[in-house]
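Hi everyone, thanks for coming.

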Amino acid sequence: MTTVDLPLLPLGRGTDPLSERGVECPGDLPPASDPDLVARALAAKEALGDRVFVLGHHYQRDEVIQFADVTGDSFKLARDAAARPEAEFIVFCGVHFMAESADILTGPHQQVVLPDLAAGCSMADMARIAQVEAAWEAMAAAGVQDQVVPVTYMNSSADIKAFCGRNGGVVCTSSNAEVALEWAFEQKGPDNADTKVLFLPDQHLGRNTAVLKLGYSLDDCVVWNPHKPNGGLTPEELRAAKVILWKGHCSVHGRFSPDVIDELRAKIPDLNVLVHPECQHEVVLKADLVGSTEFIIKTIEAAPAGSSWAIGTELNLVQRLATAHPDKNIVFLDRNVCYCSTMNRIDLPHFVWAMENLVAGNVVNVIEVDPKTEQEALVALQRMLDLPGKSHRD
Ligand code: SF4
């Protein structure tokens, strides 16, 4: 698949018809009002049998997740796909970077299908390879590049993972970010110099991990803004920094705010606040527990009946947790509805469209990473798998 390098179009600012790339579906996209969609999806799945393996991310809509053979976070799903070599088609109900990771980790005989190519990730789009290469050059000009170890969150495009692979860096998830940063700081620059970390693309996960887990100060962290000359940083600031945070964030987790935590605590006695580390530092500081999607699910499963929880993660997951645990008082940590809009692009009509095309012998919306990128990204992924200890789930 060829990708077009389009600038990020912030929501609500003008229109860009090209940003709707991939939305058109050759043939008929069934209308959402079609009462037979569930039956059609079931029939297509049955017709394909073991030839198809359907992956469903935790943040997907219920109407789609009901057809998933497995559910999980992005890394677990990619590994689940790799463990199913007999499946010709991996239908990934998630977003683009996840489908890329599945393609990297599955065999060449397997094809990964994303039911709607417009299901991207705003965070992953905030670090584009040309911007990252420009930052890397600026770090060379400031005389620090050979001390910098790039670390990228799983939630990044394949070419950013490949950048980390070819420059001595590593991939991390929200579960193993601490171990990945420790590993990066243990590497040595020229003449045994201490290293710095360039953390991509989520500034919040990078800051929360460096400060709250590894004991660095906020002053040890600087933010590289790709929209400013030289990232908005002087060479002196780059030289003094321990952690260079890329100015990216998740548009879902970045919304939660500390004042809502105060409001909810005032209303709900003995409230436990449980948030994802992609939330802002000020939110994480006020929370009782912080952890990955899998951690959030396990924490709620283990919580005593009658306990109260405000959860700061994607709303589809929070709603499913509330439905699955009616004996616990579970509320969402935002005043407004807060779905991941790109995850929600994968709806039942697109799922049915993709599956029925597979039945008819048309493989649509294939996500294919080019061999060089795949090889370099695998280097960074393998370094992550070789990290000691912790789970690799995000
Ligand atoms: S929830 Fe955030 S990080 Fe996850 S896909 Fe949506 S925008 Fe990207």
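Okay, let's start with an open sheet of four strands, which are ordered β11-β10-β12-β13 and pair in parallel. The edge positions go to β11, residues 289–290, and β13, residues 329–332; each has a single partner strand, so one side of each has no neighbour in the sheet. Keep in mind that this is a predicted model.

If you're new to this, strands of a sheet pair through backbone hydrogen bonds, either parallel or antiparallel. Now, how many bridges join β10 to β12? Five, between residues 271–275 of β10 and residues 308–312 of β12, with the two strands running parallel.

Next, the backbone. Look in the loop between β7 (196–200) and α9 (203–213), where you'll find P201. The peptide bond joining L200 and P201 is cis, with omega at about -25°.

Then there are two residues with positive phi. N230 isn't a glycine, yet its phi is about 50°. You'll see N230 in the loop between β8 (221–224) and α10 (235–240). D270, also not a glycine, has a positive phi near 55°, and sits in the loop between α11 (258–267) and β10.

So is D270 buried or exposed? D270 counts as exposed, because it has 9 C-beta neighbours inside 10 Å, and the cut-off for exposed is 12 or fewer. N230 is partly exposed, with 17 other C-beta atoms within 10 Å.

How values were computed
Residues are numbered from 1 along each chain as its sequence is written. This is a predicted model: local features need pLDDT of at least 70, side-chain atom pairs count only at pLDDT 80 or more; totals for chains, interfaces and linings use all residues. Two strands pair if DSSP finds at least two bridges between them. A residue is buried if 20 or more other C-beta atoms lie within 10 Å of its own, exposed if 12 or fewer, and partly exposed in between; C-beta atoms are placed from the backbone.
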